[in-house]
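Biologist: Can you walk me through this one? I have the sequence and the fold open, and I'd like to go place by place.

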Amino acid sequence: MAAALHAGIGTIDAAIKFTIGRVSVEPNAPSVVPSRVTFSIDLRHPDNAVLEAAGARVTTLCQGHAPPCTVTVKSLVDASSNEFDAHLRRRIASASRDQGFPAMPILSAAGHDARHLAKICPAAMIFIPCRDGASHVEHEWADPVHVAAGASVLAQVLRELAIVDQPLASKA
């Protein structure tokens, strides 16, 4: 079933993020055929139409590969993709260039707090490199120089927003 899910969903295109993140096997004994296997799927894509179509395939693929067993598919979280504020993204890229740091747009597949803020106010994120590209894992580590660079870019953007983007009435 896992292989069928990966083949049918995980390879849709380069932007899809398909992860089987947790597997629980009962009774979890080395010489016993499991009576129950539970696993979770994390599925993300920047295009909501692709995300919805891929999500719909999960149930179909699981049911098609379950016999002679039974399968139950439950949606735990249903979060559509969101796009961050273009104005803030341009400011972050500009501040990075001003300071001589490389910058590129990155799709975040993670559920950061900024995702929720973007629903009520302009939001964006600044990413810095992590060792071996590992993020959201126990061994995540970033070089202090990269952390300082990210903080410096953030400080510049905040200064610019505080000075340039003030309402005209408050500049008087």
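Modeller: We'll take a few spots in turn, and keep in mind that this is a predicted model.

Biologist: Start with the cysteines. How many disulfides are there in the whole structure?

Modeller: A search of the whole structure finds 0. Cys62 is in no disulfide, and the nearest cysteine sulfur, in Cys69, is 12 Å away.

Biologist: New topic. Which residues are buried in α1?

Modeller: Helix α1 covers residues 2–10, and its buried residues are Ala4, Leu5, Gly8, Ile9 and Gly10.

Biologist: What covers them?

Modeller: The cover includes the strands β1 (17–26) and β2 (36–44), plus helix α2 (48–64).

Biologist: What about His45? Where does His45 lie?

Modeller: In the loop between β2 and α2. His45 has a relative accessible area of 7%, so His45 is buried.

Biologist: Which side chain does the side chain of His45 make a polar contact with?

Modeller: That of Asp13, at 2.9 Å. Leaving out residues up to four places away in sequence, His45 touches Asp13, Ala15, Ile16, Val50, Leu51 and Ser81.

Biologist: Jump to Gln99. Where is Gln99 found?

Modeller: Gln99 sits in the loop between α3 (86–98) and α4. Its relative accessibility is 24%, so Gln99 counts as partly exposed.

Biologist: What does Gln99 touch, if we skip residues up to four places away in sequence?

Modeller: Ser152, Val153 and Gln156.

Biologist: And how far apart are Gln99 and Asn48?

Modeller: They are 51 residues apart in sequence and 35 Å apart in space, C-alpha to C-alpha.

Biologist: Last one, the surface. Which residues form a nonpolar patch there?

Modeller: Met104, Ile106 and Phe127. Together they have about 330 Å² of accessible area.

Biologist: Where is Phe127 found?

Modeller: Phe127 is in the loop between α4 (113–117) and α5 (144–164).

Biologist: Why does Phe127 count as partly exposed?

Modeller: Because its relative accessibility is 38%. Partly exposed runs between the cut-offs for buried, under 20%, and exposed, over 50%.

Conventions: Residues numbered from 1 in each chain as written. Predicted model: local features only at pLDDT ≥ 70, side-chain atom pairs only at ≥ 80, totals over all residues. Heavy atoms only, no water. Patch = residues over 30% accessible without salt bridge, like charges linked within 9 Å, V, L, I, M, F, W, Y side chains within 5 Å. Areas by Shrake-Rupley, 256 points an atom, 1.4 Å probe, with all protein chains shown as cover. Salt bridge = Lys/Arg side-chain N within 4 Å of Asp/Glu carboxyl O. Helix = DSSP H or I, 4+ residues; strand = E, 2+ residues; numbered from the N terminus. Buried < 20%, exposed > 50% of the residue type's maximum accessible area, 1.4 Å probe, protein only. Contact = heavy atoms within 4.5 Å. Disulfide = S-S within 2.5 Å. Polar contact = N/O pair within 3.5 Å; in protein donor to acceptor, adjacent residues only side chain to side chain.
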